[in-house]
Amino acid sequence: MSSFLSKLIVPPREHKDKLPPRLMKALRILGYISLPFFPLFCLLVLDYMNFSGLTALKTFVTQQTMSLLFEIIVMEVLFLDLTLLCGRAVISGGIMGFLSILCAYINYTKMALNGNHFHPRDITMVSDLGGLSTFISGNVPIWYIIGSIVIVIWVVAFGLLGTRLPLRWFVRLPILAVGLLITAVSFSNSTKSNAILGKFGMSFMDSALQTSNYRANGFVGAFTINTLMLRTEPPEGYSEAAIDALLEGYSGSPASSSEKYDVIVVLSESFFDVRRLNDTTFSENPIPNYDRIIDLPGAYSGMMYSTASGGGTVRPEFEILTGLSTDYLHDVSSPYELLNGPVEGFVSNYKAAGYHTVAYHPYHKAFYSRDKAYGNIGFDEFLGAEDVADEVYLKYRRGLVTDESSLRVMEHILDASSDPTFLLAITMECHQPYTPMEGDVTSITVQNPNMSDDVLGLVTVFTNGLHDADAMLGDLVDYIDGRERPTILLFFGDHIPSLGANRAAYVQSGTTEQGDSAADNEFYYSGPFIIYSNTGAESHMLTSKKDNKVSSYYLLEIIAEMTGSAETPYMQLLADYYEKVPYYHVRLDVPETEDIKALKHMHELISYDRIMGERYSVK
């Protein structure tokens, strides 16, 4: 019997210890005893950073005990699996420790910059790490640094003490295989997965709003739910008959005007009326052209409600171009990653009408997978800064192409086209980080008695970039007015800027509170838009010239209505929903009316159908 066991068990390794044998033996025993506590400490670091401090973490531990239990089980099982695979605790602990430190940092930084949490699909952005790193700024809590040091010391101790599972590989690996098989079977479909989550008071429905998901379930619990949700399954009730019922009575319509407008869509990075910050004064008006243009006879303006805040440009961009909502997609870095083929929307509708459809972005064309997706949503051509550098001299500020340069590119594209043109132009000068740079010219000074010097510096840098964006807007409208060809412009800010970690400028100025109240969410998820035409085209959808409130996915339907463009059945359906619910998305956290429930149901079915489904809605 002893001979048989000796084949299964790894004998203790001989060490030439400098410490007394009894002390070394005690330390080795301590190393083994500490094994189950190591994943618990990694979880502590993850959730400390997830909740941005001990107060919120304490609330989670005391009020969400079942979610905490789920997290503990996941971390312990994961550490056991790694140790069964590797045998040595220094390797399994090193893997878990490194991933815990890294994920905690990414989650905290992403929340601080734009209010979004680390999602499993963010891993697909690894190829864009170089680009993403240019946007990262800010510090991390001292306790995170201390926790990371403790993890490193703990892993080193595992190595020095030789802590390991005393089982040979041909024993460990079958045990691991059986465990993985049981796990795979237990979570083999959404019904089984949701049932297991339900035992801990958790649900797939938690993933609808990631802020509450990570607050209610902790980092590990929310990340696990999101991982399980990566398996794309049709929404409840999805069928050809359900899609037909939504579009019943809508047959589309031909163009009601023989005149084809050039359509310019300008996504102005983080364009935001910075004067909305309480108790903040400026040496001069930062956006005089915006004030001038919204008073012109051919202008309509108001607030656009976006599913992004502080970052996440691609979400409102996708919604505007397709008329779909990202509320019902996984909270991914880029919805473009989900496309499995052509997606009908506003861009493809213009292309079908004989337009030259072109997009311009003065950054890496592969960022957010735009280079792969733009053809699928209907663009004939996608130009980056490198594609136009020979024709247009590009200037840079803070390492980014200036908005003035982007305007010259727009003019170049439009002047060179003999066909009616649909142009999407994305600007970058106002992109974060807003850290002051040596030699940068500051023409506008900003004062606020309640802001820290660091935060005030960020606001000042942003304000001066905003002033440049406003100058570009003024020149663009003047250019449009000088054209003979009928032209209509949609200009909007994709999201409010990230002005300090955890929305520091907004909180310190007293503009918002440190929370997620309905009033604060309406502020965080809204930004200005302008629709301007050189023909004085009128809108029957917008209720006034100013102060309109509109969701992003309606804006190009309003443009189509103003210019008499051909409309698809879905565009007509959107126009009808606008009459009932002019603005909504789930992050606004407003009470659901019957009309809102109907809008949510429609968008969930149509968005799935066109992005990942059978495309019944485009027959």
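In which hand, left or right, does helix 3 cross helix 11? Helix 3 passes helix 11 in a right-handed crossing, where right-handed means that the near helix is turned clockwise from the far one by less than a right angle, and left-handed anticlockwise. The model is a predicted one, in which local features need pLDDT of at least 70 and side-chain atom pairs count only at pLDDT 80 or more, whereas totals for chains, interfaces and linings use all residues. Residues are numbered from 1 along each chain as its sequence is written, and side-chain values use heavy atoms, with hydrogens and water left out.

The axes of helix 3 (residues 37-50) and helix 11 (residues 210-228) come within 9 Å and cross at roughly 150°, and the two helices are therefore roughly antiparallel to each other, a term used for angles over 145 degrees. Helix 3 contributes Leu43, Leu46, Asp47 and Asn50 to the contact, and helix 11 contributes Tyr214, Gly218, Phe219 and Val220, contact meaning heavy atoms within 4.5 Å. By class, this contact of helix 3 with helix 11 has 5 nonpolar, 2 polar and 1 charged residues.

Turning to the strands, strand 4 (residues 356-361) is largely enclosed by the rest of the structure, because 5 of its 6 residues are buried, that is, under 20% relative accessible area with a 1.4 Å probe and protein chains only. Strand 4 pairs in the parallel sense with strand 8 (residues 421-426) over 5 bridges, pairing requiring at least two DSSP bridges between the strands, and histidine 356 stands opposite threonine 421 in strand 8. Strand 4 also pairs in the parallel sense with strand 5 (residues 381-384), over 4 bridges, and there the bridge partner of histidine 361 is glycine 384.

Conventions:
Buried means under 20% relative accessible area, exposed over 50%, partly exposed in between (1.4 Å probe, protein chains only). Axes are lines fitted to C-alpha atoms, for helices over the stretch in contact, and angles run from 0 to 180 degrees between N-to-C directions. Angles under 35 degrees count as roughly parallel, over 145 as roughly antiparallel, 65 to 115 as roughly perpendicular and the rest as oblique. Ala, Val, Leu, Ile, Met, Phe, Trp, Tyr, Cys and Pro count as nonpolar, Asp, Glu, Lys and Arg as charged, and the others, Gly among them, as polar.
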